[in-house]
Amino acid sequence: MIDRIYRSAVLGVAGNKAVESVVRTRGWSVAQRFVAGDDLQDAVRAVEELERDGVHGILDLLGEMVTSEEEANTFAEKILAIMDALDGKPYPKYVSIKLSQIGQDLTTASGENLGMVNARRILTRAQHIGAFVRLDMEDHPRVDETLAQFRELASEFGTDTVGTVLQAYLYRTEQDRAALDDLHPNLRIVKGAYLEPETVAMPDKADVDAAYRRLTYAHLKAGNYTAVASHDESIIEDVKRFVIAHGIPKSQFEFQMLYGIRRDLQKRLAKEGFTVRAYIPYGRDWYAYFSRRIAERPANVLFVLRGMLKG
Ligand code: FDA
């Protein structure tokens with residue numbers, strides 16, 4: 001409950017335009033702990049640096065909830081440029097996108113969902129260069145549409161090219177996971193990062209943690225590829241025990257973490273022979289992402305305030 005109060009306080013303050021303007025002008029030096037840089041070159045550099053530690057990268061161009069067709073198409077072009085930059089690289093090519101970033105809320109002149117039009121362009125290119133694209137999961141009003149669109153895209157491009165994310169904090173998620181089983185999807189399991197009402201999301205962290213374990217175990221047991229995306233060491237240790245107990249091979253799952261968080265743990269797991277990927281966000285639209293990272297951990301507020309006072 002305390003966690004929810006803290007998260008709602010931070011995300012409530014973050015929504016204030018005056019706070020946003022101060023943080024946007026003075027907070028960049030602090031945001032760089034979580035964001036790899038302004039442009040694609042910065043992000044590719046971060047991927048290559050992680051590769052030296054045996055950790056793979058997931059490129060994420062920051063931006064979400066786009067309301068104009070022009071902006072959505074610009075984001076799609078920039079994501080296609082990521083594919084160009086990754087083409088021919090010797091390491092795994094992996095990109096995360098948000099459907100709301102490429103037009104999920106918009107309809108084209110011919111009546112199609114712009115997010116789907118752009119997603120198909122991106123996935124066609126990804127398939128061509130052997131890249132994997134993950135559809136991030138956003139706030140709860142988008143879950144139905146995102147899952148339906150994922151199903152459509154997975155049947156067109158295959159689950160080796162596209163995957164999505166399930167959030168343990170939503171009451172609905174265990175059912176959603178079971179309903180996707182026929183696809184044998186590659187799913188990333190997360191706890192959930194948005195400020196959601198108690199009617200749809202569990203307010204207590206202990207319940208979310210328990211739901212996280214149930215979901216992860218169910219997905220692994222069903223024989224599906226699972227990206228265990230958490231920095232929670234007790235969960236990571238439990239997953240390690242679970243896979244040994246159930247004879248699940250290392251090739252059926254991986255650990256994922258965020259850029260700038262628990263790099264020691266990322267390296268350690270990679271050394272132990274697990275596949276580890278770090279989510280590397282970059283770009284100018286860092287404010288919403290940064291706010292969610294601050295809302296996850298009280299100590300981060302002090303880190304931000306200290307950094308901004310210094311800056
Ligand atoms: P938890 O919050 O319990 O933290 C466990 C420990 O991790 C903390 O004690 C601390 O040590 C460390 N930690 C966690 N967050 C930190 C932070 N911000 N700063 C410093 N330390 C921190 N969410 C979503 O809704 N949709 C999505 O698509 C995604 N995608 C995604 C991809 C990847 C690769 C990851 C790792 C996470 C996401 N998330 C997400 C975010 C996710 O929902 C969740 O908010 C964060 O991962 C934090 O939860 P943990 O599981 O790490 O546990």
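A residue is termed buried when its relative accessible area is under 20%, exposed when over 50%, and partly exposed in between (1.4 Å probe, protein chains only). The structure is a predicted model, in which local features need pLDDT of at least 70 and side-chain atom pairs count only at pLDDT 80 or more, while totals for chains, interfaces and linings use all residues. Residues are numbered from 1 along each chain as its sequence is written, and side-chain values use heavy atoms, with hydrogens and water left out. Helices (H or I, at least four residues) and strands (E, at least two) are DSSP runs, numbered from the N terminus.

Strand pairing is described first. Two strands are taken to pair if DSSP finds at least two bridges between them. Strand β1 (residues 56-61) has 6 of its 6 residues buried, so it is largely enclosed by the rest of the structure. In a regular strand the side chains alternate between the two faces of the sheet. In β1 both faces are covered, with His56, Ile58 and Asp60 buried on one side and Gly57, Leu59 and Leu61 buried on the other. Strand β1 runs parallel to strand β8 (residues 276-282), to which it is joined by 6 bridges. Within this pairing, Ile58 has Tyr279 as its bridge partner in β8, and Asp60 has Pro281. Strand β1 also runs parallel to β2, with 2 bridges between them; here the partner of Asp60 is Ser96. The chain passes from β1 through helix α5 (residues 69-86) to β2 in a right-handed β-α-β crossover, that is, with the strands pointing away from the viewer, the path from the first strand over the helix to the second runs clockwise.

Strand β8 is likewise mostly covered, 7 of its 7 residues being buried. Val276, Ala278, Ile280 and Tyr282 are buried on one side of β8, and Arg277, Tyr279 and Pro281 on the other. Strand β8 pairs with β7 in the parallel sense over 4 bridges, and Tyr279 is the bridge partner of Leu258 in this pairing.

Aromatic contacts were assigned to rings of Phe, Tyr and Trp (its six-membered ring) with centres within 6.5 Å; planes under 30 degrees apart count as stacked, over 60 as edge-to-face and the rest as tilted. The count comes to 10 aromatic pairs. In one of these, Tyr94 and Phe132 are tilted, at 5.1 Å centre to centre and 50° between the planes. Tyr94 belongs to strand β2 (residues 94-97) and Phe132 to strand β3 (residues 132-135), so the pair ties together parts that are 38 residues apart in sequence. Tyr94 is buried at 5% relative accessibility, as is Phe132 at 9%. The ring centres of Phe253 and Phe255 are 5.7 Å apart and the planes stand at 80°, so this pair is edge-to-face. The relative accessible area is 1% for Phe253 and 0% for Phe255, and both residues are buried.

Ring pairs also link Trp28, Phe34, Trp286, Tyr287 and Phe290 into a cluster. Tyr287 is located in helix α12 (residues 287-295) and is buried at 6% relative accessibility. Tyr287 and Trp28 are 259 residues apart along the chain, with 9.1 Å between their C-alpha atoms.

A charge is counted as sitting over a ring if NZ of Lys or CZ of Arg is within 6 Å of the ring centre and within 35 degrees of the ring normal. Lys250 is placed over the face of Phe274, 4.6 Å from the ring centre, and the charged end of Arg293 is over the ring of Tyr289, at 4.5 Å from its centre.

In helix α8 (residues 173-180), the buried residues include Thr173, Asp176, Arg177 and Leu180. Viewed down the axis of α8, the buried residues fall within an arc of 100°, so they line one face of the helix; the arc is that of the directions from the helix axis to the C-beta atoms. These buried residues pack against α7 (143-157), β4 (162-167), β5 (187-190) and α9 (205-221), where contact means heavy atoms within 4.5 Å.

Backbone geometry was also examined. Most residues other than glycine have a negative phi. His184, in the loop between α8 and β5, has a positive phi of about 50° although it is not a glycine; His184 is partly exposed at 49% relative accessibility. Arg262 lies in the loop between β7 (253-258) and α11 (263-271) and has a positive phi of about 50°. At 27% relative accessibility, Arg262 is partly exposed.
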